[in-house]
Amino acid sequence: MTPIAQPPLSLYIHIPWCVRKCPYCDFNSHAVREEIPEEAYVAALLADLEQEMSGIEPRPLQSIFIGGGTPSLFSASMINTLLAEVEKRISFAPAIEITMEANPGTFEQEKFRGYRDAGVNRLSLGIQSFADEQLKALGRIHSGEEAVKAAGLARKLFDNMNLDLMHGLPGQSTAQALDDLRIAADLKPDHISWYQLTIEPNTEFHSRPPSLPVDETLWEIQEQGQQFLAEAGFQQYEISAYAQPGKRARHNLNYWQFGDYIGIGAGAHGKITLADGTILRRWKQKQPKAYMNPEKRLGGSEAIEKDALPFEFMLNALRLTDGVESRLFTERTGLNLDVIQSQLERAQKMGLLDTDPEKLAPTQQGRLFLNNLLEMFLEE
């Protein structure tokens with residue numbers, strides 16, 4: 001194997017609490033039943049970070065993403081403490097991107113300015129829909145009006161704002177899905193994450209499935225929605241990510257380009273390249289109480305086997321509309337591109353992969369049949 005250059009490094013911070021568990025959500029989130037132990041949890045996060053850093057070559061953080069759950073349940077002062085203490089332990093790259101997820105309820109809106117002052121420079125609002133009927137079906141606790149107000153305030157306070165929207169919602173028509181996109185575009189976000197509702201195991205929707213739009217309607221929504229977003233100036237650069245020029249999510253790009261990321265917090269996952277070239281995945285205990293116990297914090301870790309690396313790399317890289325430069329395969333895996341040459345040629349002959357030797361990118365057909373394309377790189 002070729003020696004692996006140390007990839008860019010990001011940090012993911014998971015805050016697992018939310019007001020109420022949404023029926024479609026399979027993330028590690030827990031409804032608040034008592035006061036959130038902010039100070040104790042932040043102390044656990046910092047101890048977790050210190051432990052993670054012990055086996056990592058020093059590199060500045062390129063991005064931080066604070067996700068959940070609902071991170072905006074935390075006070076602005078505690079987010080300020082968290083980010084300040086993280087910076088004491090690991091340096092921040094110039095112009096670091098620091099994203100925080102927030103819900104558009106009135107209670108959270110009051111904190112937006114405090115989050116900005118704490119160092120958050122990219123706010124991601126979990127709106128999902130602007131239609132009250134759809135929000136009710138999704139179990140969301142905010143209204144469409146609150147969502148518009150929250151986005152308007154965030155637009156004034158942040159130079160970089162993302163709106164999360166879902167489509168293919170229970171009873172949703174094509175016109176309703178497009179209405180959500182029109183309202184979103186009018187709010188002038190820099191980025192829109194627009195993805196289809198899927199029914200996941202271990203969710204309320206899985207045990208009691210709602211009535212979702214038929215496949216023909218889902219296809220119409222996808223096709224017309226992508227056309228609308230393109231006309232509104234949003235370039236699709238990943239399966240469900242659309243950005244104005246220069247506003248692609250750098251944190252998520254690091255995932256898709258097989259960069260390194262430390263994961264701290266209950267249920268957080270990380271991927272780290274060690275000095276000897278071993279690529280390690282680590283994950284933390286999901287239950288907050290177990291996570292805050294230092295002896296139980298680590299859920300597990302495993303090295304990615306050499307034979308699994310091509311699929312792991314492609315699983316991320318081929319999500320990107322433009323793919324990645326071919327050289328990145330060797331730089332991030334240590335493997336010569338020759339090890340997947342036969343799969344590349346077969347995918348190109350089938351019209352699923354671009355024939356440019358300088359990049360690994362799906363064709364339009366390849367994006368439509370991405371699972372088929374990815375299966376070619378599975379270990380046989």
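This is a predicted model: local features need pLDDT of at least 70, side-chain atom pairs count only at pLDDT 80 or more; totals for chains, interfaces and linings use all residues.
**Exercise 1. Backbone of Gln128**

Decide whether Gln128 is buried or exposed, and give its strand and its phi.

Solution. Step 1: Gln128 sits in strand β6, residues 122-128. Step 2: phi of Gln128 is positive, about 70°, although the residue is not a glycine. Step 3: the relative accessibility of Gln128 is 6%. Buried means under 20%, so Gln128 counts as buried.

**Exercise 2. Ser29 and its surroundings**

Locate Ser29, list its contacts beyond four places in sequence, and examine the peptide bond that joins Gly68 and Gly69.

Solution. Step 1: Ser29 is in the loop between β2 (17-18) and β3 (30-31). Step 2: with a relative accessible area of 11%, Ser29 is buried. Step 3: once neighbours within four places in sequence are set aside, Ser29 is in contact with Pro16, Cys18, Lys21 and Gly69. The bond between Gly68 and Gly69 is a cis peptide bond, with omega about 25°. Step 5: for a distance across the model, take Ser29 and Leu157, which are 128 residues apart along the chain. Their C-alpha atoms are separated by 27 Å.

**Exercise 3. Cysteines**

State how many disulfides the structure holds, and classify Cys18 and Cys22 by accessibility.

Solution. Step 1: a disulfide is a covalent bond between the sulfur atoms of two cysteines. Step 2: the structure holds 0 disulfides. Step 3: Cys18 has 6% relative accessibility and counts as buried. Step 4: Cys22 is buried as well, with a relative accessible area of 12%.

**Exercise 4. Aromatic pairs**

Count the aromatic pairs, then describe the geometry of the pair formed by Phe313 and Phe329.

Solution. Step 1: a search of the whole structure gives 10 aromatic pairs. Step 2: in the pair of Phe313 and Phe329, the ring centres are 5.3 Å apart and the planes make an angle of 85°. Planes over 60 degrees apart count as edge-to-face, and the pair is edge-to-face. Step 3: Phe313 is in helix α12 (residues 309-317) and Phe329 in helix α13 (residues 327-333), so the pair ties together parts that are 16 residues apart in sequence. Step 4: Phe313 is buried at 0% relative accessibility; Phe329 is buried, also at 0%. Step 5: elsewhere, Trp17, Tyr41, Phe74 and Tyr291 form one aromatic cluster.

**Exercise 5. The second largest pocket**

Give the volume of the second largest pocket and describe its lining.

Solution. Step 1: the second largest pocket holds about 260 Å³ of space. Step 2: it is lined by 13 residues, and the closest to its centre are Trp17, Ala31, Glu34, Pro288 and Lys289. Trp17 is also one of the residues of the aromatic cluster. Step 3: β3 and α11 (288-291) each supply at least two lining residues. Step 4: by class, the lining has 7 nonpolar, 2 polar and 4 charged residues.

**Exercise 6. The cavity**

Find how many cavities of 30 Å³ or more the structure has, and determine which element gives the largest share of the lining of the largest cavity.

Solution. Step 1: rolling a probe the size of a water molecule over the atoms shows where empty space is left. Step 2: the search finds 1 cavity of 30 Å³ or more, and the volume of the largest cavity is about 30 Å³. Step 3: its lining consists of Asp48, Gln51, Glu52, Arg282, Lys284, Arg297 and Leu298. Step 4: α1 (38-53) and β13 (279-284) each contribute at least two of the lining residues. The largest share, 3 residues, comes from α1. Step 5: the lining divides into 1 nonpolar, 1 polar and 5 charged residues.

**Exercise 7. Asn254**

Name the helix that holds Asn254 and the residues that Asn254 touches.

Solution. Step 1: Asn254 is in helix α10, residues 250-256. Step 2: Asn254 is buried, with a relative accessible area of 6%. Step 3: not counting residues up to four places away in sequence, Asn254 touches Pro8, Leu9, Ser10, Gly259 and Asp260.

Methods
Residues are numbered from 1 along each chain as its sequence is written. Side-chain values use heavy atoms; hydrogens and water are left out. On a 1 Å grid over the protein atoms alone, a cavity is a set of points where a 1.4 Å probe fits but cannot get out, and a pocket is an open set with protein on both sides within 12 Å along at least five of seven lines; lining residues have an atom within 4 Å of a point. Grid points are joined across faces, edges and corners, and a volume is the space filled by probe spheres set on the points. Helices (H or I, at least four residues) and strands (E, at least two) are DSSP runs, numbered from the N terminus. Ala, Val, Leu, Ile, Met, Phe, Trp, Tyr, Cys and Pro count as nonpolar, Asp, Glu, Lys and Arg as charged, and the others, Gly among them, as polar. Buried means under 20% relative accessible area, exposed over 50%, partly exposed in between (1.4 Å probe, protein chains only). Contact means heavy atoms within 4.5 Å. A disulfide is a pair of cysteine sulfur atoms within 2.5 Å. Rings of Phe, Tyr and Trp (its six-membered ring) pair if their centres lie within 6.5 Å; planes under 30 degrees apart count as stacked, over 60 as edge-to-face and the rest as tilted.
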